[in-house]
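I opened this entry to keep track of what I looked up, item by item. The notes follow the order in which I went through the model.

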Amino acid sequence: MDKLLINGGRRLEGEVRISGAKNAVLPIMAAALLTSGTCVIKNVPRLDDVSVMLSVLQELSVRSSWHKDVLRLDCAHVSPVAPSPEILGQIRASNLILGPLLGRFKEAEIGACGGCSIGCRPMNLHFAALEALGSKILPLETGYFAFAKSLQGNVVHLAFPSVGATENLIMAAVLAEGRTVLHNAAAEPEIVDLAGFINTMGGKISGAGSNVITIDGVKKLNGAEYTVMPDRIETGTFLVAGAMCGGSLRLSGARAEHNTALLAAMQQAGISCTYSMPNVNERFEEESFITLHGGGRPRPLQVVTASYPGFPTDMQPQLTAMLSLAQGRSSICESIFENRLAFAKELKKMGATIQTQDNCAIIDGVAKLNGAVVKAMDLRAGAALALAGLAAQGRTVIEQAAYIDRGYEDFVGKLSSLGADITRLSKQSEQGKQIKKITTANNCRLVV
Ligand code: UD1
């Protein structure tokens with residue numbers, strides 16, 4: 001497995017460009033299945049999860065080319081065959097092909113989907129929403145078969161504002177007959193981006209970004225060109241990195257209006273950020289930015305994760321890492337995923353003082369963290385440990401660092417460009433197949 005080697009204690013200075021959002025591009029790629037036309041998706045990040053989703057689409061006979069950050073998907077020859085479980089099982093988001101296949105072909109066979117170890121992640125809300133449109137879901141030995149004679153618009157209420165269930169429902173309902181009104185829908189910016197893409201294809205979706213979304217079914221959708229929104233979790237991760245390491249960062253392309261809960265937490269913690277704040281519905285602009293001036297220990301916080309616009313669960317591990325250095329006692333309660341505080345035991349190996357009980361953590365801030373050998377247990381926990389390593393004294397090794405590649409484009413390159421001393425020890429190097437010298441940011445020479 002990949003490892004990251006970090007020599008901590010360096011200030012971060014400079015500018016990085018925020019990449020396209022993982023959680024927006026994955027449903028947008030799935031939505032391309034709704035058309036027999038060609039979709040051109042721009043600002044697509046080079047991430048392992050995006051590559052896996054592309055493999056899923058290729059199994060369904062989507063033809064593709066991916067040049068720089070532009071992904072072209074030709075969906076003329078798509079058929080609703082069952083993609084191989086080995087590929088589906090690599091990411092949870094592969095379940096997002098359910099809605100569009102049901103919408104376009106009125107059937108979909110899908111094996112068990114994968115995901116991180118952060119919680120059990122059932123599909124009951126997806127199924128209940130799709131059944132309300134007239135589809136039937138039959139369990140198979142592994143996975144399920146969904147089908148419908150026809151899909152009919154309906155009034156649907158989600159018992160919980162699940163992001164994935166909202167996306168699958170939108171994608172099925174857009175080719176259903178009549179109007180669907182979805183209540184208690186997820187309001188995440190990525191839902192707004194998905195609706196924006198589908199409307200560019202000729203869909204009629206209104207209310208995305210609120211808890212009531214109206215979808216008027218259309219007969220057919222066309223190919224479209226679309227630019228994916230910037231990644232608010234990458235943005236947050238770099239903000240926390242700057243706060244933990246000190247220094248000044250400028251995150252170009254970052255959208256402050258997508259990160260209000262985190263920016264409010266930063267302000268409360270005494271960390272100074274400035275930002276451009278366009279209208280909520282304005283599209284991504286090059287000139288949007290967030291700057292941060294870090295330095296000194298943060299003030300402690302009390303935080304509970306919640307659905308958008310609450311504090312994002314995907315930023316909880318990074319914030320936990322930051323608060324392990326706060327001046328005083330903080331608490332973080334995780335309300336979305338049941339197993340997302342498990343990584344605290346790795347952070348404790350670096351000297352953090354954290355007690356966890358059920359879904360809450362009490363964090364007594366320490367003056368410094370120490371480098372250690374720690375294991376990434378999932379994507380965001382891996383990123384949080386890397387941030388702790390950047391702020392710690394001494395050397396940190398992050399094992400199972402491949403998790404980080406699932407959701408961060410060029411994580412090592414971007415942090416190195418800001419002055420971090422962070423190096424990837426590749427799988428090949430571990431096996432001794434490739435010996436090369438890498439000069440890291442502080443001229444520490446490693447033979448890997
Ligand atoms: C998406 C994001 C993920 C983020 C999460 C919550 C993508 C690709 N992933 O995941 O990064 O952490 O939103 O913001 O966009 N649940 C059920 N039954 C269901 C569906 C969900 O009980 O049918 C539960 C889940 O177990 C979890 C909670 O609802 O406890 C939130 O899940 P959901 O909003 O669906 O998250 P995802 O769409 O999987």
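**Entry 1**

I listed the contacts of His 126 and set aside its neighbours within four places in sequence; what is left is Arg 92, Asn 95, Ser 162, Gly 164, Ala 165 and Asn 168. The model is a predicted one, and I kept that in mind for every value below.

I then placed His 126 in the secondary structure: it lies in helix H5. Is His 126 buried or exposed? Its relative accessible area is 2%, and the cut-off for buried is under 20%, so His 126 counts as buried.

Next I checked the rest of H5 for burial. Leu 125, His 126, Phe 127, Ala 129 and Leu 130 are buried there. I asked which elements the buried residues of H5 pack against. They are helix H4 (98–105), strand S7 (136–139), strand S8 (144–147), strand S9 (155–157) and H6.

**Entry 1: The ligand shell**

- An N or O atom in the side chain of Asp 314 is 2.6 Å from an oxygen atom of the ligand.
- An N or O atom in the side chain of Asn 124 is 2.7 Å from a nitrogen atom of the ligand.
- A polar side-chain atom of Arg 92 lies 3.4 Å from an oxygen atom of the ligand.

The ligand exposes 740 Å² when taken alone, and the protein buries 86% of that. Arg 92 turns up in both entries: it has the atom at 3.4 Å from a ligand oxygen, and it is among the contacts of His 126.

**Entry 2: Domains**

I looked up the domain assignment of the protein chain, which gives domain 1 (3–19 + 230–441) and domain 2 (22–227). Their centres, taken over C-alpha atoms, are separated by 29 Å. I also recorded the contacts between them: 26 residues of domain 1 are in contact with 27 residues of domain 2.

**Entry 3: Backbone geometry**

Most residues other than glycine have a negative phi, and most peptide bonds are trans.

Where is Pro 309 placed? Pro 309 is in the loop between strand S17 (302–304) and helix H10 (316–323). The peptide bond from Tyr 308 to Pro 309 is cis, with omega near 10 degrees.

I noted two residues with positive phi. Ser 61 is not a glycine, yet its phi is near 75 degrees. I found Ser 61 in the loop between helix H2 (48–59) and strand S4 (63–67), and at 31% relative accessibility it counts as partly exposed. Asn 184, also not a glycine, has a positive phi of about 55 degrees. Its place is the loop between strand S10 (179–183) and helix H7 (189–200). With a relative accessible area of 25%, Asn 184 is partly exposed.

**Entry 4: Two further residues**

I looked up Pro 317, which is found in helix H10. Its relative accessibility is 1%, so Pro 317 counts as buried. With neighbours within four places in sequence left aside, Pro 317 is in contact with Phe 343, Arg 380, Ala 381 and Ala 384. I also took the C-alpha distance from Pro 317 to Leu 140, 177 residues apart along the chain, and got 35 Å.

The last item was Ala 82, in the loop between strand S5 (70–74) and helix H3 (85–88). Ala 82 is partly exposed, at a relative accessible area of 39%. I computed 7.8 Å between the C-alpha atoms of Ala 82 and Leu 60, which are 22 residues apart along the chain.

Notes. Residues numbered from 1 in each chain as written. Predicted model: local features only at pLDDT ≥ 70, side-chain atom pairs only at ≥ 80, totals over all residues. Heavy atoms only, no water. Polar contact = N/O pair within 3.5 Å; in protein donor to acceptor, adjacent residues only side chain to side chain. Areas by Shrake-Rupley, 256 points an atom, 1.4 Å probe, with all protein chains shown as cover. Helix = DSSP H or I, 4+ residues; strand = E, 2+ residues; numbered from the N terminus. Buried < 20%, exposed > 50% of the residue type's maximum accessible area, 1.4 Å probe, protein only. Contact = heavy atoms within 4.5 Å. Domains from an automatic or database assignment.
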